[in-house]
Every structure is written in structure tokens, then in C-alpha cells.
Amino acid sequence: MRDKYTDKALSEGLRARSAFKLIQINEKYHIVKRGNDVLDLGCWPGGWMIAAKRMGANKVIGIDLAKIEPVVGAEFIQGSVLESKTINKIQGSFDVVLSDLAPKTSGNRGLDVARSLDLSQAALNIAIKHLKINGNFLVKVFQGEGYQEFFREVNKHFMFVKTVKPEASRQRSMEVYLLGIGFKG
Ligand SMILES: C[S@@+](CC[C@H](N)C(=O)[O-])C[C@H]1O[C@@H](n2cnc3c(N)ncnc32)[C@H](O)[C@@H]1O
């Protein structure tokens with residue numbers, strides 16, 4: 001469904017309205033800073049990658065099942081974050097790990113929540129392996145069974161953890177974002 005963010009994203013060359021979710025979260029929490037190296041999980045069509053570059057990020061690597069149109073100054077890995085052959089292609093460490101990973105929704109809320117949690121857990125595992133000490137983590141999660149346990153799991157690894165819902169995230173959507181600031185290592 002088109003709305004002001006869809007039109008704004010297209011007119012500003014951001015590819016997807018979802019870019020404004022990262023932009024709004026970053027305006028408040030400054031998770032991506034100039035010169036940062038950023039890993040973006042579930043990056044298609046590239047809205048967050050473009051937004052991260054505009055925030056001044058240095059290296060940006062995106063991963064998705066679907067192939068993206070190239071983003072200037074960024075790298076892309078095609079594959080599933082649930083498969084080791086994709087995960088093994090991730091090299092080096094990052095200041096920020098972002099995950100907007102989302103399953104194809106089925107209409108069965110319980111199933112969708114469970115699939116979203118699997119993706120969020122995969123993102124956390126990648127963050128634990130590749131974040132620099134003091135790095136930041138932002139992950140989309142569908143609220144439902146298992147959410148509190150996942151929150152507690154993220155909380156073990158970061159100095160500060162908060163649930164955020166940016167204005168650009170539709171109110172009726174069950175998605176929220178978990179923000180982990182200051183990776184403890
Ligand atoms: C909401 S979209 C991301 C939008 C993106 N943040 C942007 O601003 O352009 C979620 C993405 O997660 C990807 N995805 C879902 N499961 C995945 C998996 N197992 N591995 C990699 N990507 C996956 C989907 O292909 C989809 O492109």
C-alpha cells in the first residue's frame with residue numbers, strides 16, 4: 001500500500017519505504033556513524049544500504065536471498081543467512097550489524113512469528129561472530145511467542161537493549177526492532 005514514505009523513498013532514490021525505518025531510528029540513537037563498517041542482513045532491494053552510505057558508512061556489505069541492483073560503494077552476497085555456505089562468505093568485523101530480515105508471511109501468525117525468530121536468531125549469531133567490541137546491532141523481530149526470551153538473549157551481549165518502533169513502521173504490523181548498543185564481546 002502506497003503512503004507518504006513510499007513516494008518519498010522513490011523520489012529520494014532510496015528504493016524502499018523501509019529505508020525511513022533505519023533513518024528514523026538512526027536520527028534518535030546514532031547507531032551508524034561516519035566511517036563505520038556495516039553488515040546489512042536481508043538487504044533487498046537496498047534501501048538500508050543506500051541509507052547507511054548516506055549516513056557516512058565506509059564499508060557496507062548486504063546479504064539477501066534476492067539479487068539487488070548494485071549499490072555504489074557497497075558489496076553484496078546472495079544467499080540465505082540460515083545456510084553456512086552464505087555465512088562463511090562473511091569476512092572481517094563490523095561496527096554495526098543491521099537485520100531487516102523478514103520471512104514471506106503466510107497468514108498464520110504463529111508460523112510467521114516462529115520463522116521471524118529463526119531469522120532474528122541467525123542475525124544475532126552473525127552479530128556475535130562479526131561485531132567489534134562496543135558495536136551496535138539492530139534487528140527486526142515479529143512480536144509473539146518467544147519474543148521475551150529473544151530480548152533476554154540479546155540483553156546478555158549488549159550494554160543497553162531497547163525495543164523500538166519507528167513511525168515509518170506501520171502500526172498494524174507486528175514488527176518491532178530490537179536495538180543492542182555496545183557489544184560486550
Ligand atoms: C523487509 S525486506 C528488507 C528491506 C531492506 N531493509 C531495504 O530497506 O531495502 C526483508 C528481506 O529479507 C530477505 N530474507 C528473508 N529470508 C532470508 C534469508 N534466509 N536469507 C537472506 N535474506 C532473507 C527477503 O528476501 C527480503 O528481501
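1. A residue is called buried if 20 or more other C-beta atoms lie within 10 Å of its own, exposed if 12 or fewer do, and partly exposed in between, with C-beta atoms placed from the backbone. By this rule Ala51 is buried, because 26 other C-beta atoms lie within 10 Å. The structure is a predicted model, in which local features need pLDDT of at least 70 and side-chain atom pairs count only at pLDDT 80 or more, while totals for chains, interfaces and linings use all residues. Residues are numbered from 1 along each chain as its sequence is written.

2. Overall architecture. The chain has 6 helices and 7 strands; helices (H or I, at least four residues) and strands (E, at least two) are DSSP runs, numbered from the N terminus. Read from the N terminus, the order of elements is α-α-β-α-β-β-α-β-α-β-α-β-β.

3. Overall dimensions. For 185 residues, a compact globule would have a radius of gyration near 16 Å, and the 15 Å of the chain agrees with this. The radius is taken over C-alpha atoms, and the globule rule is 2.2 Å times the number of residues to the power 0.38. Along the principal axes, the C-alpha atoms fill a box of roughly 40 × 35 × 35 Å. Buried residues account for 39% of the 185 residues.

4. Contacts along the chain. Two residues are in contact if their C-beta atoms, placed from the backbone, lie within 7 Å. Among contacts between residues at least 6 apart in sequence, 58% join residues at least 24 apart. Val72 belongs to the loop between β2 and β3 (75-78) and counts as exposed because it has 7 C-beta neighbours inside 10 Å.

5. Helix α3. This helix (47-54) is largely enclosed by the rest of the structure, since 6 of its 8 residues are buried. Those residues are Gly47, Trp48, Met49, Ile50, Ala51 and Ala52, and they pack against α1, α2, β1, β2 and β4. Gly56, which follows α3, has a positive phi near 100 degrees. Ala51, a residue of this helix, is in contact with Leu14, Ala19, Leu22 and Ile23 once its neighbours within four places in sequence are left aside.

6. Helix α2. Its buried residues are Ala19, Phe20, Lys21, Leu22, Ile23, Ile25 and Asn26. The elements covering them include α1 (4-11), α3, β4 (94-99), β5 (131-142), β6 (158-164) and β7 (175-183).

7. How do the axes of α2 and α3 cross? The axes of α2 (residues 19-29) and α3 come within 8 Å, and the crossing angle is roughly 35 degrees. Axes are lines fitted to C-alpha atoms, for helices over the stretch in contact, and angles run from 0 to 180 degrees between N-to-C directions. The crossing is right-handed, a term for the near helix being turned clockwise from the far one by less than a right angle. On the α2 side Ala19, Leu22 and Ile23 take part, and they meet Gly47, Trp48, Ile50 and Ala51 of α3. By class, the residues of this contact divide into 6 nonpolar, 1 polar and no charged. Ala, Val, Leu, Ile, Met, Phe, Trp, Tyr, Cys and Pro count as nonpolar, Asp, Glu, Lys and Arg as charged, and the others, Gly among them, as polar.

8. Surroundings of the ligand. The ligand is surrounded by 23 residues, of which Ser18, Gly42, Trp44, Gly47 and Asp100 are the closest; a residue is near a molecule if its C-beta atom, placed from the backbone, lies within 6 Å of it. The shell holds 15 nonpolar, 5 polar and 3 charged residues. Both α3 and β2 (60-64) supply at least two residues each to this shell.

9. Backbone points to inspect. Trp44 and Pro45 are joined by a cis peptide bond with omega of about 5 degrees, and Pro45 is placed in the loop between β1 (38-41) and α3. Arg15, although not a glycine, has a positive phi of about 70 degrees; it is placed in the loop between α1 and α2. His30, also a residue other than glycine, has a positive phi near 50 degrees and is found in the loop between α2 and β1.

10. Are these two residues buried or exposed? Arg15 counts as buried because it has 20 C-beta neighbours inside 10 Å. His30 counts as exposed because it has 11 C-beta neighbours inside 10 Å.
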